[in-house]
Amino acid sequence: MNSRANEKTAEATVGEADVNLTLAEAEALSLRVLSQNGLSALHAASVTRVIVAGQRDACASHGMYRLLSCVQSMRHGKVSPGAVPTIEQRSAAVVVVDAHRGFSPLAFEMGAPHLIEKVAKTGVAALIINNCYHFSALWPEVEALAAHGVAALAMTPSHSCVAPAGGRAPVFGTNPIAFAFPRGGQQPYVFDFATSVVARGDIELHRRRGDPIPAGWGINASGEATTSADEVLDGGVMLAFGGHKGSALATMIELLAGPLIGDLTSLESREFDGGAGVTPLHGELILAFDPQVLGGARDDLSAERLFSAITDQGARLPSERRYAARERSLVEGIRIPAALYRDLLALL
């Protein structure tokens with residue numbers, strides 16, 4: 001290990017202070033962790049891009065912390081560390097990428113150029129990713145598509161860990177959905193949220209810190225409300241946001257990104273896992289919409305009037321805090337908890 005890493009190791013043992021890393025150092029650490037645990041160079045690079053982007057944008061639940069689950073998944077022999085995705089041009093508007101049980105970021109990066117090419121011709125196009133281990137946030141994907149001037153919608157199931165409204169047994173995954181709308185000359189409008197009250201990673205981070213979770217995030221094995229992260233994660237169940245509305249959205253995502261594209265539901269992903277507790281295996285559906293084809297001459301003024309109507313009254317657009325965090329990180333680097341930094345070094 002180099003002297004810089006030794007210096008940071010010493011820093012991490014004193015007073016449990018956070019450890020500050022430049023983005024380049026975070027990328028190098030991620031690449032070392034993944035490659036030394038057997039992940040191919042192509043996969044390690046694509047996984048690193050989304051993990052460092054998450055930490056850079058202050059999305060800690062999908063940042064460097066995710067390296068732990070990636071390595072665990074590989075060590076359990078579930079993930080195919082050298083899988084090379086294959087591409088099928090299913091129709092003029094549909095491209096399918098089979099990840100062959102590799103991590104999903106590489107499959108997306110290989111399929112996205114084909115999606116962009118198709119949507120420019122058809123107006124609406126779909127990228128289907130099958131047989132992928134998915135751990136990352138969805139906003140990096142829809143944001144990348146918006147950079148090409150298209151609107152995008154992405155969704156994916158997970159392991160079943162969320163009860164339907166009125167129930168107490170896990171059926172849904174956290175089932176995130178993300179949307180991006182391009183804005184000429186500035187950051188796109190982007191949202192990305194789980195259809196559970198909170199992402200599972202946020203509960204896991206509370207457990208690592210020993211903090212209670214807010215009421216309403218989940219119930220214990222007896223179906224009772226709890227503020228214990230351990231009780232929710234060990235035999236309990238998470239809750240859908242907005243009651244029956246979040247439950248209905250979660251069901252839609254199960255159907256669109258599961259049976260519709262010939263892949264697993266969250267229940268089936270959990271069954272396939274067999275108690276190993278690794279990253280979920282399933283599919284992902286990404287839809288792209290070309291404003292030039294669908295609407296003819298692009299009318300940015302109408303969209304901007306809508307956004308101004310929101311912000312002019314003091315309301316915040318989704319991702320504004322994330323973009324602000326990105327600007328800070330580009331200058332100041334990122335900070336991760338000392339305990340997490342030690343856990344990452346232990347993987348080397």
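View 1. With a relative accessibility of 48%, E327 counts as partly exposed, where buried means under 20% relative accessible area, exposed means over 50% and partly exposed lies in between, as computed with a 1.4 Å probe on protein chains only. This is a predicted model in which local features need pLDDT of at least 70 and side-chain atom pairs count only at pLDDT 80 or more, whereas totals for chains, interfaces and linings use all residues. Residues are numbered from 1 along each chain as its sequence is written, and side-chain values use heavy atoms, with hydrogens and water left out. E327 belongs to helix α13, which covers residues 320-332; helices (H or I, at least four residues) and strands (E, at least two residues) are DSSP runs numbered from the N terminus. Although E327 and D57 are 270 residues apart along the chain, 8.4 Å separates their C-alpha atoms.

**View 2. The seven-stranded open sheet.** Seven strands make up an open sheet of mixed pairing, and their order is β2-β3-β4-β11-β5-β7-β8; two strands pair if DSSP finds at least two bridges between them. The edges are taken by β2 (86-91) and β8 (186-193), each of which has a single partner strand, so one side of each is left without a neighbour in the sheet. From one strand to the next, the twist averages 15 degrees. Strand β3 (residues 94-103) and strand β4 (residues 124-133) run parallel and are joined by seven bridges, with G102 standing opposite C132 in β4.

View 3. Strand β7, residues 177-183, is mostly covered, since five of its seven residues are buried. Strand β5 (residues 151-155) runs antiparallel to β7 and is joined to it by four bridges, and A152 is found opposite A180 in β7. The pairing of β7 with β8 is also antiparallel and extends over six bridges, among which F181 has Y189 in β8 as its bridge partner. β7 and β8 form a hairpin with two residues between them, and in the turn G185 has a positive phi of about 80 degrees.

**View 4. Residue A288 in strand β11.** A288 is part of strand β11, which spans residues 281-289, and with a relative accessible area of 0% A288 is buried. Leaving aside residues up to four places away in sequence, A288 touches L115, V119, G123, V124, A125, V150, A151 and A152, where contact means heavy atoms within 4.5 Å. A288 and A154 lie 134 residues apart in sequence, while the C-alpha to C-alpha distance between them is 8.8 Å.

**View 5. The crossing of helices α3 and α5.** Two packed helices are described by the angle between their axes and the distance between the axes. Here the axes of helix α3 (residues 41-56) and helix α5 (residues 104-122) come within 8 Å and cross at roughly 95 degrees; such axes are lines fitted to C-alpha atoms, for helices over the stretch in contact, and the angles run from 0 to 180 degrees between N-to-C directions. The two helices α3 and α5 are therefore roughly perpendicular to each other, a term that covers angles of 65 to 115 degrees, whereas those under 35 count as roughly parallel, those over 145 as roughly antiparallel and the rest as oblique. On the α3 side the contact is made by L42, H43, S46, V47, R49 and V50, which meet P105, L106 and E109 in α5. The residues of this contact of α3 with α5 divide into five nonpolar, two polar and two charged, where Ala, Val, Leu, Ile, Met, Phe, Trp, Tyr, Cys and Pro count as nonpolar, Asp, Glu, Lys and Arg as charged, and the others, Gly among them, as polar.

**View 6. Helix α3 along its length.** The 16 residues of α3 reach 22 Å from the first C-alpha to the last, close to the 22 Å expected at 1.5 Å a residue, the expected span being 1.5 Å times one less than the number of residues. Helix α3 is mostly covered, with 12 of its 16 residues buried, including H43, S46, V47 and V50. Just after α3, A58 takes a positive phi of about 65 degrees.

**View 7. The three-stranded open sheet.** Three strands form an open sheet in the order β6-β10-β9, and the pairing is mixed. The edge strands β6 (162-163) and β9 (218-219) each pair on one side only. β9 and strand β10 (residues 237-239) run antiparallel and are joined by two bridges, and G218 stands opposite M238 in β10.
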